[in-house]
Amino acid sequence: MGKIRILMLGGTGEARALSQSLADTGRYDVLLSLAGRTDKPSPQPVPVRIGGFGGAEGLAAFLQEGWFDLIIDATHPFAARISRNAGAASAASGIPALALRRPEWKAEPKDRWTHVATVPEAIASLGPSPRRVFLAIGRQEAHRAEAAPQHFYLVRSVDPVEPPLVLPDVYLVLDRGPYDVEGETSLFRAHRIDVLVTKNSGGSATYAKIEAARQLGIEVIMIARAPAAAMQTVATIEAMLAAIDHLFPFAMERGV
Ligand code: NAP
C-alpha cells in the first residue's frame, strides 16, 4: 500500500507549516491547493495545484479522481465558500474532512472594539465625520470603502487592489507580514490613524496591529467570522497531526 493521499486547501501560513510537518513524517502524500489570488505565492514545501475546482461538485470529483484519502481545510477563516464546499464534497464523496481553524482574537481590557458582521457594516460604522482609517482587510473587499469617501484610508494588501480604488484620499501599502508591534505603531503614527478596520482572523502573524491599537488607545472595528462549516475542527497543527494519526492508525503502524 502507498502513502495516505491528502488534499490540503491552503492559502495560509498554517497550511504551509502543516504541509511541511506531514511531509516530514514520510507517511503522507500532500497536494496543496491554492486559489491563485496572490500573484507570487510563497514557496511551499509540497507539490501545489492552483485554481478553483468548480464548486463542491467539482471538488468532490477532484477528490475521487485523484484517489485522495482525506481533505484538510486549512484555508483562512474568512474563506467561507471553499470551506462550505469542502464539507459538501466530503459528504458527497465519503472522503473524510478535517479543518484547521485558528481561534478568534478576544478583546482584552484596554481594547476598544466595535463588533460588526460584514465589511459594508464596518465602513458604515465609521460614521459621517471624516476619520483616518487603517483598512487592514485585504484587497478583495477594499472597494467597499468607496461607500464612505469622506475618510482617509490607509489600505494594506499583499497585491495591488484591482481595479484601483476610486477614493479621494487613500494611501496604499503592499506588504505580506508578519508584522511587529513597533512597525505597526510607527505606521499608525505616520498616518495619524484614529480607527482600525480588521477581520477577526486570529493567529499571531497579523496580531501586532491589534496590540498597537490597544497601546495607542485607538478604536478597532472588528469584523466577525461567518459560522464555520460543519467539519471536525482543530485549532493547532499538533492537534491536526493527532487527528490524522487517529484516522489512519495503520499508516503509523506500517511506519511507511
Ligand atoms: P472563498 O470566497 O471561500 O472561495 C471562493 C472560491 O475560490 C471557491 O469557491 C473556490 O472556487 C476558490 N478557492 C478558494 N480557496 C481555494 C483553494 N485553497 N484552492 C482552490 N480553490 C480555492 O475564498 P477567498 O476568501 O476568496 O480566499 C481565497 C484564498 O485566499 C483561500 O485559499 C484563503 O485561504 C486565502 N486567504 C483568504 C483571506 C480572506 O480574508 N478571505 C485571507 C488570507 C488568505 P471553486 O468553487 O471554483 O472551487
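1. H1 and H7. In this predicted model, the crossing of helix H1 with helix H7 is right-handed. H1 covers residues 13-25 and H7 covers residues 237-247; their axes come within 10 Å and cross at roughly 45°. Angles from 65 to 115 degrees count as roughly perpendicular and those under 35 as roughly parallel, and H1 and H7 are therefore oblique to each other.

2. Residues between H1 and H7. On the H1 side the contact is made by Glu14, Ala17, Leu18, Ser21 and Leu22, and on the H7 side by Ile237, Met240, Leu241 and Ile244. By class, the residues of this contact are seven nonpolar, one polar and one charged.

3. H2 and H3. Helix H2 (residues 55-65) and helix H3 (residues 80-93) have axes that come within 8 Å and cross at roughly 55°. That angle makes H2 oblique to H3. The H2 and H3 crossing is right-handed.

4. Residues between H2 and H3. H2 contributes Gly55, Ala56, Leu59, Ala60, Leu63 and Gln64, which meet Asn85, Ala86, Ala88, Ala89, Ala92 and Ser93 of H3. Eight of the residues in the contact of H2 with H3 are nonpolar and four are polar, with no charged residue.

5. For Ser33, an N or O atom of the side chain is 2.7 Å from a nitrogen atom of the ligand.

6. Ligand oxygen atoms. Gln140 has a side-chain N or O atom 3.2 Å from an oxygen atom of the ligand. Ala80 takes part through its backbone, where a polar atom is 3.4 Å from an oxygen atom of the ligand.

7. Cis peptide bonds. Most peptide bonds are trans, and most residues other than glycine have a negative phi. The bond joining Glu162 and Pro163 is cis, with omega about -10°. Pro163 sits in the loop between strand S8 (152-157) and strand S9 (170-174). A cis bond also runs from Gly177 to Pro178, where omega is near -5°. Pro178 belongs to the loop between S9 and helix H5 (181-190).

8. Trp67. Trp67 is located in the loop between H2 and strand S4 (70-73).

Note on methods. Residues numbered from 1 in each chain as written. Predicted model: local features only at pLDDT ≥ 70, side-chain atom pairs only at ≥ 80, totals over all residues. Heavy atoms only, no water. Axes fitted to C-alpha atoms, helices over the stretch in contact; angles between N-to-C directions. Helix = DSSP H or I, 4+ residues; strand = E, 2+ residues; numbered from the N terminus. Parallel < 35°, antiparallel > 145°, perpendicular 65-115°, else oblique. Left-handed = near helix turned anticlockwise from the far one by under 90°. Contact = heavy atoms within 4.5 Å. Nonpolar A, V, L, I, M, F, W, Y, C, P; charged D, E, K, R; others polar. Polar contact = N/O pair within 3.5 Å; in protein donor to acceptor, adjacent residues only side chain to side chain.
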